[in-house]
Amino acid sequence: MIRTTALALLLAASFTASAADPVKPKADPAKGQPIAASVCVACHGADGNSPVPVNPNLAGQIPDYIYKQLTNFKAGADGKPPVRNNATMNGMVAALSDDDMRNLAAYFSQQKLHPDVAKDPKLVAEGQKLWRGGDVNRGIPACAGCHGPAGTGLPAMFPRLAGQHPDYTTAQLKAFRNGDRANDPSKMMQTIAAKLSDKDIAALADYAAGLR
């Protein structure tokens with residue numbers, strides 16, 4: 001009886017705590033569209049298909065991942081510097097509210113991606129080996145383990161890379177490698193990228209661009 005009562009009290013307390021947690025309003029893609037058309041369009045396209053290869057396609061990206069990156073670009077209200085440094089993006093998100101960022105993420109995630117394509121068959125063959133099997137001798141895990149065999153990603157930490165611009169993927173892997181980007185959980189991408197050569201990075205970027 002004592003055990004039953006204790007369990008009941010524990011469950012009641014848990015329910016009360018959960019009920020007291022603030023409930024985030026559901027993201028509204030329709031509210032994200034005008035922000036995309038006015039703030040994001042020049043770099044990412046109004047529908048998330050970037051016209052500039054050094055800027056990422058956001059169409060079809062995992063919404064949780066987009067939201068995380070936007071919050072990482074935003075400086076804290078207490079003056080704390082942003083987790084992810086990029087002068088352009090830091091400025092762009094400065095005036096966005098949390099709801100704005102959630103709505104943007106939802107909007108871009110629902111857009112149809114116009115994927116880039118792989119261009120070099122030799123690079124693609126090398127990239128495929130690393131993507132699918134990694135390199136045990138160098139301690140490089142298979143990219144498919146986190147980003148999926150088809151590059152569709154896993155919410156919320158691991159983004160969709162299928163069809164992404166190779167220029168952007170290359171730049172991000174190099175940024176992880178040299179420490180310019182450090183918003184990866186447990187330094188996972190920094191650790192992996194540190195083991196990649198320029199040729200490895202080029203091969204992976206080209207292979208990912210051709211994934212569907």
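R138 and D135 pair up through their side chains in a salt bridge, 2.9 Å from N to O; the term covers a side-chain nitrogen of Lys or Arg within 4 Å of a carboxyl oxygen of Asp or Glu. R138 is partly exposed, at 34% relative accessibility. The cut-offs here are under 20% relative accessible area for buried, over 50% for exposed and partly exposed in between, using a 1.4 Å probe and protein chains only. This is a predicted model, in which local features need pLDDT of at least 70 and side-chain atom pairs count only at pLDDT 80 or more, while totals for chains, interfaces and linings use all residues. Residues are numbered from 1 along each chain as its sequence is written, and side-chain values use heavy atoms, with hydrogens and water left out.

R138 also meets D200 in a salt bridge, this one at 2.7 Å from N to O. D200 sits in helix α10 and R138 in the loop between α6 and α7 (144-147), so the pair ties together parts that are 62 residues apart in sequence. Through shared partners, D135, R138 and D200 form one network of salt bridges. D200 itself is buried, at 11% relative accessibility. Helices here are DSSP runs (H or I, at least four residues), as are strands (E, at least two), all numbered from the N terminus.

Overall, the salt bridge count comes to 6. Another of these links R102 to D98 at 2.8 Å, N to O. R102 and D98 are 4 residues apart in helix α5 (residues 98-109), which puts about one helical turn between them. Both ends are partly exposed, with R102 at 23% relative accessibility and D98 at 25%.

Back to α10: 9 of its 12 residues are buried, so this helix is largely enclosed by the rest of the structure. Among the buried ones are I201, L204 and Y207, and the cover over the buried residues includes α6 and α8. From first C-alpha to last, α10 reaches 17 Å, close to the 16 Å expected at 1.5 Å a residue (1.5 Å times one less than the number of residues).

The largest nonpolar core has 18 residues, and those with the most contacts inside it are W131, I140, L173, L196, L204 and L211. Such a core is a set of buried Ala, Val, Leu, Ile, Met, Phe, Trp, Tyr and Cys residues joined through side-chain atoms within 4.5 Å. α10 gives the most to this core, with 4 residues. Beyond its neighbours within four places in sequence, L196 touches I140, L173, R177, I201 and L204 (contact means heavy atoms within 4.5 Å). A second, separate core of 16 residues includes L70, M89, Y107 and F108.

N72, in helix α3 (residues 63-73), is buried at 11% relative accessibility. Its side chain makes a 2.9 Å polar contact with that of N183. Polar contacts are pairs of N or O atoms within 3.5 Å; within protein, one must be able to donate a hydrogen and the other to accept it, and residues adjacent in sequence count only if both atoms are side-chain atoms.

As for confidence, the chain has a mean pLDDT of 91, with 89% of its residues at 70 or more; pLDDT is the predictor's confidence in each residue, from 0 to 100. Residues 1-21 stay under 50 and have 0 contacts beyond four places in sequence. Where pLDDT is low, the predicted coordinates should not be read in detail.
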